[in-house]
Amino acid sequence: AAALSEAESKRTELRLVLSSRYRELVGSSDEVQKMKDVASELYSVVKELPQLMEDLNNCARRGGEMTTTSTSSAAAAGASTTSNASDAAGQRDATVLAVRNDLSALPRVIHRSLDENDPRTAAISLVRLFGLIKARTDAYPLANLLGEDAVAAVGAGSEEGDILLHAQMRMMYLHVETLPARTTKLARKVLICKASKSCE
């Protein structure tokens with residue numbers, strides 16, 4: 001009878017523990033599902049990288065071939081045609097180079113600003129980076145949303161066929177897409193710290 005009574009009390013205790021922890025258990029399963037979704041998204045991004053690198057290599061090889069071909073045909077066309085074509089090509093190359101330079105420099109500025117607790121500079125750089133991306137493609141919703149006002153400042157892009165530039169934009173976007181949330185969090189922290197005057 002004592003063993004039966006003890007077994008019943010253990011069953012009751014187990015029911016109480018399960019009922020008190022049910023919400024936590026359900027919440028945990030939701031978190032596990034979110035983690036599974038994020039892991040799946042990350043897997044698909046990582047899975048695309050080899051193809052992206054192959055496209056970059058192919059484009060780089062074709063770029064070298066196209067430069068040689070265009071140089072020889074331009075030499076045959078005559079001096080005035082060569083100077084006009086080279087001026088236009090030089091201007092386009094300078095623009096692409098400036099955009100690539102900004103695409104690689106801005107993430108460093110953003111990270112440095114966040115490390116130095118400067119959310120203002122980080123936010124300005126993020127908007128500028130997303131403006132550069134938005135001016136050249138509508139493929140990234142966050143860049144479309146945050147970079148819309150910056151498009152006028154950075155200028156619209158005319159580098160439609162530049163695969164290397166688009167690959168760099170994609171990699172930079174994937175690199176910084178979580179930083180707006182981090183910047184907002186830091187801005188709140190700095191504002192609360194300044195308001196309470198408890199910061200060091």
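A: In this predicted model, S113 touches D118, T121 and A122, leaving aside residues up to four places away in sequence; a contact means heavy atoms within 4.5 Å. S113 itself lies in helix α2, residues 79-115. Helices (H or I, at least four residues) and strands (E, at least two) are DSSP runs, numbered from the N terminus. With a relative accessible area of 4%, S113 is buried. Buried stands for under 20% relative accessible area, exposed for over 50%, and partly exposed for what lies in between, with a 1.4 Å probe and protein chains only.

Residues are numbered from 1 along each chain as its sequence is written. As the model is predicted, local features need pLDDT of at least 70 and side-chain atom pairs count only at pLDDT 80 or more, while totals for chains, interfaces and linings use all residues; side-chain values use heavy atoms, with hydrogens and water left out.

A122, one of the contacts of S113, is among the buried residues of α3, which also include P119, S125, G131 and L132. The 16 residues of α3 should span 22 Å at 1.5 Å a residue, and its end C-alpha atoms are 22 Å apart, so the two values agree. The expected span is 1.5 Å times one less than the number of residues in the helix.

Helix α3 also packs with helix α6 (residues 163-176), at an angle of about 145° and with the axes 11 Å apart. The axes are lines fitted to C-alpha atoms over the stretch in contact, and angles run from 0 to 180 degrees between N-to-C directions. From α3, L126, L129, F130, L132 and I133 meet M169, Y173 and V176 of α6. By class, this contact has 8 nonpolar residues, no polar ones and no charged ones. Ala, Val, Leu, Ile, Met, Phe, Trp, Tyr, Cys and Pro count as nonpolar, Asp, Glu, Lys and Arg as charged, and the others, Gly among them, as polar.

The chain as a whole has 7 helices and 0 strands. Of its 200 residues, 22% are buried.

As for confidence, pLDDT is the predictor's confidence in each residue, from 0 to 100. The chain averages 76, and 78% of the residues score at least 70. Confidence is highest in α3 (residues 119-134), at a mean of 88, and lowest in α5 (residues 151-154), at 57. Over residues 64-81 the pLDDT is below 50, and this stretch has 2 contacts in the model beyond near neighbours in sequence. Where pLDDT is low, the predicted coordinates should not be read in detail.
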